[in-house]
Amino acid sequence: MNVKFLKGGALQKVFAFVGLIVIFIMFSLMSKSFLTPSNIITILLSSASMGIVAVGVTFVIITGGIDLSIGVTPTFSAVIFGTCLQVFKLPLFLSIIIGLMAGALCGCIIGTLISKFKLPPFIASLGLMMVARGLSLVISDVKPIYFDTNTQKAFTEFALSTKISKVVGLEIPNFVLIFFIVAIIASFLLNKTSFGRYTYAIGSNEEATRLSGVNTDKWKILIYAFCGFICAIAGLLVASRLTSVQPQQGAGDELNAIAAAVIGGTSLSGGEGNITGTVIGTLIMNVLLNGLRMNNVPQEWQFVFTGIIVLFAVLVDIARRRKDG
């Protein structure tokens, strides 16, 4: 194997992929039910909701920032969507657009607080997280928003239908296909466009990027808005899968999404990361959690094992950066 290929985040991505294979084989041997088609679909569905959010936050982390609101932004966007659809009786398509824009607005506000008001990303996103969580409860009156029968049928069909995958002989829900489509589009944006180049540049050396004539404030706002938009997609798809909007959902989900990105090789120091690694990290998280649950491991120990993996990934990143530096 070419040593140059293993420089930077590529090495961590290889480790993550090998780790995924090892964990998958281990749980396959521990439980006969693990490899059943229904359980594989369960893993893919849980990976899809976490993975879409993780893809969005990968861009933010590459800039050297963080977004703690990514757990509640999907819920807030879904609440706005559900309110427009069920309370104000707006058309489904228009309600979807408004829900997606609500997510983008959350990201835009965080980006503005960071770039224009110079708030630390941790504080800006923490504040927005609390505001979005509170507004979700206020707008919904702390009650689930249920869809009417016609909307429920059409919307659920959109997320859980397997008609598209059946063309190639598989039965994969659309939700999972959308996750991979989002990942492919995000990978293209990150690697082949100015949006991606400036994302890496800001994370590598923001001051040098600014001095070279790039409006870093504008790009940071766009990057955070993009993350919020991606999170809103996840929120609407989860609502579609559940056939309702649950306003208290999402608390703590931000940590899993950030962990997935870090496990996949996205550096918390900024300037490094890729979507393929994030997808692998997401699968590792969900295969691990699913396998532990199937083997009746108590929830408190699930947190312990997940935390150990995240710490290991961060330590590998730190050691690699010291060596490269």
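These legends accompany several close-up views of a predicted model.

**View 1. How confident is the prediction along the chain?** The protein chain has an average pLDDT of 92, and 97% of its residues reach at least 70. Residues 1-5 are a stretch to treat with care, as their pLDDT is below 50. Apart from near neighbours in sequence, residues 1-5 have three contacts in the model. Where pLDDT is low, the predicted coordinates are not to be read in detail.

**View 2. Helix 9 bends at Asn205.** Let us begin with the span. Helix 9 covers residues 194-211, and a straight helix of 18 residues would span 26 Å at 1.5 Å a residue. The end C-alpha atoms of helix 9 span only 17 Å. Where does helix 9 bend, and by about how many degrees? The place is Asn205, and the bend is about 120 degrees. After helix 9 comes Gly213, which has a positive phi near 105 degrees.

**View 3. The buried residues of helix 9 and their packing partners.** Seen residue by residue, Phe195, Gly196, Thr199, Tyr200, Ile202, Gly203 and Thr209 are buried in helix 9. Which helices do these buried residues pack against? They are helix 2 (37-62), helix 8 (174-192) and helix 10 (216-242).

**View 4. Cys106 and Cys108 without a disulfide.** With a cut-off of 2.5 Å between cysteine sulfur atoms, the count of disulfides in the model is zero. For Cys106, the nearest cysteine sulfur is that of Cys231, 9.1 Å away. For Cys108, the nearest cysteine sulfur belongs to Cys106, at 10 Å. Are these two cysteines buried or partly exposed? Cys106 is buried, with a relative accessible area of 6%, whereas Cys108 is partly exposed at 29%.

**View 5. Phe24 and Phe34 form an edge-to-face pair.** A search of the whole structure finds ten aromatic pairs, and this view shows one of them. The ring centres of Phe24 and Phe34 are 5.2 Å apart and the planes lie at 70 degrees, so the pair counts as edge-to-face. Phe24 sits in helix 1 (residues 9-30), while Phe34 is in the loop between helix 1 and helix 2, ten residues apart. Phe24 is partly exposed at 27% relative accessibility, whereas Phe34 is buried at 1%.

**View 6. Phe59 and Phe195 tie helix 2 to helix 9.** The rings of Phe59 and Phe195 have centres 5.7 Å apart and planes at 45 degrees, so this pair is tilted. Because Phe59 lies in helix 2 and Phe195 in helix 9, the pair ties together parts that are 136 residues apart in sequence. Both Phe59 and Phe195 are buried. Which aromatic cluster do the two rings belong to? Phe59 and Phe195 form one aromatic cluster with Tyr198, Trp219 and Phe226.

Technical notes. Residues numbered from 1 in each chain as written. Predicted model: local features only at pLDDT ≥ 70, side-chain atom pairs only at ≥ 80, totals over all residues. Heavy atoms only, no water. pLDDT = per-residue confidence, 0-100. Contact = heavy atoms within 4.5 Å. Helix = DSSP H or I, 4+ residues; strand = E, 2+ residues; numbered from the N terminus. Expected span 1.5 Å × (residues − 1). Bend = angle between axes of the 7 residues up to and from the residue. Buried < 20%, exposed > 50% of the residue type's maximum accessible area, 1.4 Å probe, protein only. Phe/Tyr/Trp six-rings, centres within 6.5 Å; stacked < 30°, edge-to-face > 60°.
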